[in-house]
Amino acid sequence: MKKITFPHMGNLDISARAFFSELGFDVIIPPPITKKTLDLGVKYGPEFACLPLKINLGNFIEAIEKGADVIVMGGGCGPCRFGYYGEVQKEILKENGYQFEMFMLEPNLIYDYYQIRKIFGKISIKKIINAVKITWKKIKTVDIIHKLVLKRRATEKKQGQVDKLYNKFLKEIDKTMFIDNIDFLMKKYIEMLNDTRGSFKQGVEVKIGIVGEIYLVLEPFVNLDIENILGNLGASVEKKIYLTSWLEHFLHLSYEMVRIKSAAKKYLKNSVGGHGIDSIGNTVLFANRNFDGVIQLAPFTCMPEIVSQSIIPRVSRSENIPVLSLFYDEHTADAGLKTRLEAFVDLLIRKKEMKGSISCV
Amino acid sequence: MKNKVGIPRGLMYYYYFPSWKIFLKEMGLKVIVSPPTNKKILDNGVKIAVDDICLPFKVYYGHVLELLDKVDYLFVPRFISLGKNNYVCPKFMGLPDMLRSHINDLPELIEPTIDLRKGIMPVRTIAHKIGKQLNKNYITTELAYWKAVKKHKEFKRLQQQGHTAVESINLLEKKQLTMEKKIHNGRLSIAVLGHCYITNDKYISMDMINYLSEQDINIFTVEMFNNCILEKAATRQSKKLFWIYNREVMGSAFHMIYDREQVDGIIQVTAFGCGPDSLVKELVEIKCKHKSISVLNLNLDEHTGEAGLITRLEAFIDLLQRKKMMA
């Protein structure tokens with residue numbers, strides 16, 4: 001029996017495990033990302049490749065050492081570098097003597113189906129549909145709870161209360177395999193999270209939107225758990241990029257992209273790959289919804305985000321919204337980040353005071 | 001009357017300048033090119049650019065600043081794709097928008113969107129769009145377009161006879177249409193592989209090409225190969241590389257490694273912060289290792305000192321000569 005593995009990205013492991021085990025495969029989840037994973041990636045990966053490539057490479061090495069022999073990786077056809085990750089990682093791993101098969105998911109479902117059959121033998125379509133159903137449900141539920149967690153952290157009564165609930169929820173949903181159970185879990189945790197609601201830690205509501213490259217936005221190890229730092233500073237955070245929104249866009253199921261494009265049109269006329277145009281469009285949309293500030297996250301040398309980073313100052317000036325661009329590499333330390341975020345939140349509160357809309361004690 | 005158009009001497013200048021020039025000239029404009037890159041241009045560009053963007057873009061910004069108050073139009077095409085299933089680097093796709101964000105009082109931009117994935121004769125359509133922007137009639141545009149196409153063919157032919165892009169541009173200025181370049185047997189052959197806008201810019205590449213030619217070395221650069229050969233060589237990689245200009249670089253590397261016996265070494269010239277190159281470099285390096293061909297990786301940024309670079313080149317040449325004598 002072949003053992004499947006896949007890279008980490010935020011809560012992807014929950015849904016990916018559900019999908020592959022529902023299809024009846026053995027799944028080996030790479031060990032959680034640690035400093036060791038990063039070190040492995042940096043050691044073997046190309047020097048100027050972006051951070052996600054290195055971390056994924058580390059994931060694969062650790063998973064292969066645990067016994068995995070099939071790697072499932074996302075593919076694509078550009079212009080972001082992500083589409084070519086798999087190919088480069090395959091070459092590097094083979095070069096270093098690792099034995100495995102790699103299967104790249106391309107944006108072409110028929111091609112993917114035949115690829116899966118080639119590696120794993122026959123699978124009935126009914127089984128696939130079943131697996132997709134439960135996976136989709138899980139992804140959606142996790143994202144809904146996550147959105148709530150981001151809001152509730154700013155108003156929790158006891159420090160760390162929300163995180164505790166969130167971690168418990170992730171463990172429980174990972175175990176259930178029934179759709180009804182997932183619904184029940186969702187209701188239960190929404191109620192429990194709403195119960196934690198107290199007053200704002202800073203006395204006022206500071207709303208911060210997070211935009212940027214999907215891997216940095218979703219993976220807490222890489223972004224140094226920025227949403228937690230912000231939550232503890234009393235800011236309620238909103239993200240626009242989730243697995244659900246990405247999949248919906250990928251399968252052309254949502255109008256979100258049309259909205260983003262029209263919002264960004266004044267500043268950036270066409271898509272630049274990755275989430276470049278999303279960063280611009282969402283910044284404008286956040287500004288329209290009277291958010292206090294926006295933070296852009298991206299890995300060092302990320303091409304689409306560099307384009308947005310160049311344009312964002314103009315957006316920030318004319319939409320009158322402060323934006324903080326953070327580029328992460330393998331050396332970023334969390335003390336420096338914390339200081340910058342504290343200063344940013346302070347600035348936003350001061351700005352609110354100046355407007356005279358609120359009075360701070 | 002607005003009639004002066006500026007072309008910054010950077011990025012796609014090295015791929016298409018002769019045809020752009022004749023096209024804009026036929027449209028009744030006076031073409032002004034910024035001077036070759038110098039320290040002032042680079043410094044100005046670095047000042048306005050974001051830190052992380054790659055070196056050639058910083059240089060390009062500098063050239064734009066240089067032209068700012070001398071011209072009425074600025075020719076800044078927005079490259080997206082040059083055919084089915086290929087792209088250019090995302091930074092090209094946002095180039096006019098990035099300029100607008102960095103520089104406040106830009107002259108009117110001529111910013112054709114070069115997206116050749118759909119349509120019949122898409123380049124001709126683009127030409128007519130420019131014609132409309134400049135208020136020229138249909139026939140003038142059509143004639144200008146065909147002249148530009150012819151010029152581009154001449155430009156390509158000169159390059160394939162063994163001249164670098166800048167040499168070919170200079171030959172065309174002198175109205176010289178063919179000139180064979182000889183490949184001397186018995187000399188070292190080195191492939192200098194990198195984007196045209198890096199290897200041909202004398203300032204950022206520290207005039208590497210001239211230095212090597214003075215050492216009596218046969219030099220091959222990416223622009224000297226026929227596209228079909230490169231395309232074929234690039235298919236050695238199982239997944240198709242979707243950045244077209246990097247596919248050319250990778251194709252020429254693979255062509256040198258596998259199809260030509262006489263190449264002694266490969267110099268990979270990349271710019272600091274170039275995204276696609278960071279991946280392609282790795283793939284080429286692995287292939288070179290298998291065939292035991294020597295590679296020198298040069299990563300250029302705005303701080304590179306000339307002395308350090310020359311020392312590395314000298315050492316590399318010494319190594320290749322030693323290797324050749326041993327064989």
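Between chain B and chain A, 14 residue pairs are in polar contact, both partners being at pLDDT 80 or more. The model is a predicted one. Four elements of chain B each give two or more residues to the side that touches chain A: β4 (78-81), α4 (90-93), α5 (95-102) and α13 (275-290). Of these, α13(B) gives the most, with 10 residues. By class, this side of chain B has 18 nonpolar, 11 polar and 11 charged residues.

The two chains also share 4 salt bridges. In a salt bridge, the side chain of B:Lys239 meets that of A:Glu106, at 3.1 Å from N to O.

In total, 40 residues of chain B are in contact with 40 residues of chain A. The area buried between the chains is about 3400 Å². Carbon and sulfur atoms give 64% of that area. Within chain B, the residues that lose the most area to chain A are B:Asp52, B:Lys239 and B:Leu279. Together they account for 19% of what that side buries.

A separate site in the description is A:Glu213. This residue lies in the loop between β5 (206-212) and α9 (214-218) of chain A. A:Glu213 is buried, yet has no salt bridge. The nearest side chain of opposite charge is that of A:Arg81, 9.3 Å away. The side chain of A:Glu213 instead reaches the backbone nitrogen of A:Tyr215, at 3.0 Å. Leaving aside residues up to four places away in sequence, A:Glu213 touches A:Pro52, A:Leu297, A:Ala298, A:Pro299, A:Cys302 and A:Glu305.

Conventions
Residues are numbered from 1 along each chain as its sequence is written. Chains are lettered from A and ligands numbered from 1 in the order in which they are written. This is a predicted model: local features need pLDDT of at least 70, side-chain atom pairs count only at pLDDT 80 or more; totals for chains, interfaces and linings use all residues. Side-chain values use heavy atoms; hydrogens and water are left out. Buried means under 20% relative accessible area, exposed over 50%, partly exposed in between (1.4 Å probe, protein chains only). Lys and Arg count as positive and Asp and Glu as negative; His and the chain ends are not counted. A polar contact is a pair of N or O atoms within 3.5 Å; within protein, one must be able to donate a hydrogen and the other to accept it, and residues adjacent in sequence count only if both atoms are side-chain atoms. Contact means heavy atoms within 4.5 Å. Buried area is the accessible area (1.4 Å probe) that two parts lose on being put together, summed over both. Ala, Val, Leu, Ile, Met, Phe, Trp, Tyr, Cys and Pro count as nonpolar, Asp, Glu, Lys and Arg as charged, and the others, Gly among them, as polar.
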